[in-house]
Amino acid sequence: MSALTLIPSLSLQTLFDGLALGSAYALIALGFAVVYRATDRFNFAQGALVAVGAYLVIAATAAFHLAFPYAAVLAIVASAVIGVAIPALMDRPLSARSQQAATLGLVALSVVIGAGLELVFGSGAYKFATPFASAMLEWRGVTIPEPLLWEAGASWIGIAMVALLLRLTPLGLLIRSGSEGQAAASHAGVNVVAMQRLAFGIGGFCAGVGGLVLGQREGVSTDLANHALLAIPAAAIGGLGSLRGAIIGGLLVGLIQPFAAALGMANAGEFIIYLALMALLILRPRGLFAGREWSRV
Amino acid sequence: MGVVVLIAVLGALPFALTQRAPFGLALPELASVNLTLVFMLGALSLNFLTGSAGVVSLAHAALFATGAMTAAVIGGHFGWPFPVALAAATLAGALVGLVAALPALQARGVYLLLSTFALHHVVLYALPQLKLSVFGAADYSYSPPALGPFAIDTPLRWYFLLLAIVALVYLALRNILRGREGLATMAMRDHEFGASALGADPRLLTIKAFAISSGIAGLAGALYVYLAPGAAPERFGLDFAIAFIAMIVIGGLGSPTGALIGAALWRLAPPLVSALDTRVGETTSSGAWIAAHQPSIIAATFGLATIAVLLFAPTGLAGFGRSSSGVREP
């Protein structure tokens with residue numbers, strides 16, 4: 001194989017790798033954006049919830065001896081339930097006091113979850129007992145590892161489910177109404193409390209599926225929560241609260257990392273992402289796809 | 001009267017700590033007390049930004065790292081005197097903090113949290129590169145600290161230097177908070193539109209609060225590495241930044257005294273967990289578990305305590321016994 005054919009195939013593989021990773025970030029960022037859109041909460045615990053989803057798969061396979069698919073479904077459902085529990089137990093009383101108290105509470109929650117996972121599971125790394133073969137698919141001279149397709153597929157199924165729920169059912173409108181004016185929405189008959197719980201539940205669902213994908217990708221360890229936090233710049237680059245922006249931002253964040261690594265700057269990917277976020281916040285804080293929700297900041 | 005007692009107690013403290021173990025509990029070394037004073041400085045500075053100006057910041061670890069690096073370059077690499085290194089670290093901290101404050105010109109709230117979050121990662125990536133290019137693979141070197149002809153070379157001398165710095169910063173912050181600017185800053189925290197209707201400029205006040213807070217954090221970072229040499233930039237992770245948030249929430253948001261209490265509690269935690277470990281028995285399985293998981297036990301405890309304080313006692317430990325009218329006196 002000559003160098004000429006090697007380079008495009010390398011970059012095509014990098015592209016697929018970046019797209020698969022980016023799909024996971026898009027999904028996690030989508031969960032972050034839904035919560036921000038519906039409740040104005042900056043859910044710093046989203047990264048920790050991703051780790052919870054991944055560790056739950058490990059726990060379900062180890063403790064209940066479930067096969068991987070059942071363990072995965074259980075973990076996703078449990079993640080969504082944990083998401084619902086956040087506003088029910090903690091966030092509502094805090095946000096009733098102030099936005100700052102709610103933000104601080106979610107930051108503290110991320111620490112509690114991270115430390116709790118370390119206490120229960122130790123600091124070692126786990127691997128999923130997945131049925132996916134590590135086979136390579138050949139496509140026009142490009143080899144794609146099969147798990148990559150599973151990762152991207154699971155992410156996009158998750159994204160599609162959330163998008164369909166918000167677009168095709170009245171729930172999307174109802175969820176959004178809470179952020180436009182809680183008092184008005186509740187006078188119009190919207191159960192604002194239930195809608196906020198639903199939004200956090202969707203956030204937890206996205207984190208659960210994201211944990212499944214990221215855990216499959218890089219193994220399950222305490223680093224997972226920190227890696228998943230990249231969903232926050234992803235959501236912010238597109239514009240906080242913009243669902244379309246979160247998906248595009250997630251893909252961008254996913255693409256930057258493998259390309260930086262392919263160019264020999266293994267750790268520079270994160271740096272570039274956060275530097276871009278910094279510049280964006282100074283120049284155009286509402287993000288690339290600023291919506292009309294600017295007025296409520 | 002209270003001030004006199006306080007000064008007497010603080011002055012006698014280092015002499016009381018030598019080699020005693022009342023009730024079988026070993027008292028901390030003076031060097032450990034010194035590190036606590038540095039943490040108090042960090043908590044005071046974050047408390048000014050978060051508690052008084054209302055901006056949640058995740059950049060404090062990065063500011064510590066900036067101060068540490070600046071002191072290493074100015075004091076160690078260029079060999080300039082210790083006070084110059086400290087001043088440079090303060091200035092560098094303030095400048096880096098100003099970068100995080102820039103979005104305040106257009107936006108507020110979560111956008112400032114985002115910018116401090118981004119700044120944390122940018123600084124934590126850039127500093128090791130800078131360290132590599134200045135010092136190579138070697139560790140930091142620092143000039144021996146001295147104030148003019150007076151060498152700061154024993155824990156006792158460090159203690160009185162740090163005590164003076166913490167007292168000065170404490171009084172300065174309290175003074176600011178009682179003055180016109182401080183009142184305007186707190187008004188902005190409580191009701192931004194109301195404050196600006198009364199003539200306060202939230203953008204300017206936010207940026208000033210960032211500069212003051214970040215400068216103190218840079219100073220604290222420089223002092224930190226003089227006390228704990230070789231503190232690599234990687235040591236100042238996100239957990240380090242969040243630890244300060246826990247300290248100020250538990251101590252009492254907006255209260256400088258609360259910040260001191262919170263930092264002291266945070267520093268008390270490791271010896272307490274170790275004492276628990278000794279009580280349980282280090283060779284037993286639960287003792288070994290405690291020893292292996294000490295950082296996580298502390299993190300989980302302080303995280304839960306932070307949530308509990310936010311939920312049930314929002315004025316923190318400093319606010320006990322005070323009216324809960326929501327008015328927080330500095």
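In chain A, a polar atom of the R37(A) side chain lies 2.9 Å from the backbone oxygen of G241(A). The model in which this pair is found is a predicted one. R37(A) belongs to helix α1 of chain A, which covers residues 3-39. The relative accessibility of R37(A) is 15%, and this residue therefore counts as buried, since the limit for that class is under 20%.

A78(A) is part of helix α3, which spans residues 68-97 of chain A. Because its relative accessibility is 25%, A78(A) counts as partly exposed. Along the chain, A78(A) and Y126(A) are 48 residues apart, and 19 Å separates their C-alpha atoms.

The next step is to consider how the two chains meet. Chain A brings 42 residues to the contact, and chain B brings 41 residues. Together, the chains bury an area of about 3,700 Å² between them, and carbon and sulfur atoms account for 81% of that area. On the chain B side, Y111(B), L114(B) and Y125(B) provide 17% of the area that this chain buries against chain A, which is more than any other three residues provide.

What kinds of polar interaction are counted between chain B and chain A? There are seven residue pairs in polar contact, with both residues at pLDDT 80 or more, while the number of salt bridges between the chains is zero.

The side of chain B that touches chain A can also be described by its elements. Those that give two or more residues to this side are α4 (82-101), α5 (110-135), α10 (238-251) and α13 (294-312) of chain B. Of these elements, α5(B) gives the most, with eleven residues. Sorted by class, the side of chain B that touches chain A contains 31 nonpolar residues, nine polar residues and one charged residue.

Finally, attention turns to the packing of two helices within chain B. Helix α6 (residues 155-178) and helix α11 (residues 256-280) of chain B pack at an angle of about 145 degrees, and their axes are 10 Å apart. From α6(B), the residues that make the contact are V166(B), Y170(B) and L177(B), and these meet P256(B), T257(B) and L260(B) of α11(B). How do the residues of this contact of α6(B) with α11(B) divide into nonpolar, polar and charged? Five are nonpolar, one is polar and none is charged.

Methods
Residues are numbered from 1 along each chain as its sequence is written. Chains are lettered from A and ligands numbered from 1 in the order in which they are written. This is a predicted model: local features need pLDDT of at least 70, side-chain atom pairs count only at pLDDT 80 or more; totals for chains, interfaces and linings use all residues. Side-chain values use heavy atoms; hydrogens and water are left out. Contact means heavy atoms within 4.5 Å. Buried area is the accessible area (1.4 Å probe) that two parts lose on being put together, summed over both. A salt bridge is a side-chain nitrogen of Lys or Arg within 4 Å of a carboxyl oxygen of Asp or Glu. A polar contact is a pair of N or O atoms within 3.5 Å; within protein, one must be able to donate a hydrogen and the other to accept it, and residues adjacent in sequence count only if both atoms are side-chain atoms. Helices (H or I, at least four residues) and strands (E, at least two) are DSSP runs, numbered from the N terminus. Ala, Val, Leu, Ile, Met, Phe, Trp, Tyr, Cys and Pro count as nonpolar, Asp, Glu, Lys and Arg as charged, and the others, Gly among them, as polar. Buried means under 20% relative accessible area, exposed over 50%, partly exposed in between (1.4 Å probe, protein chains only). Axes are lines fitted to C-alpha atoms, for helices over the stretch in contact, and angles run from 0 to 180 degrees between N-to-C directions.
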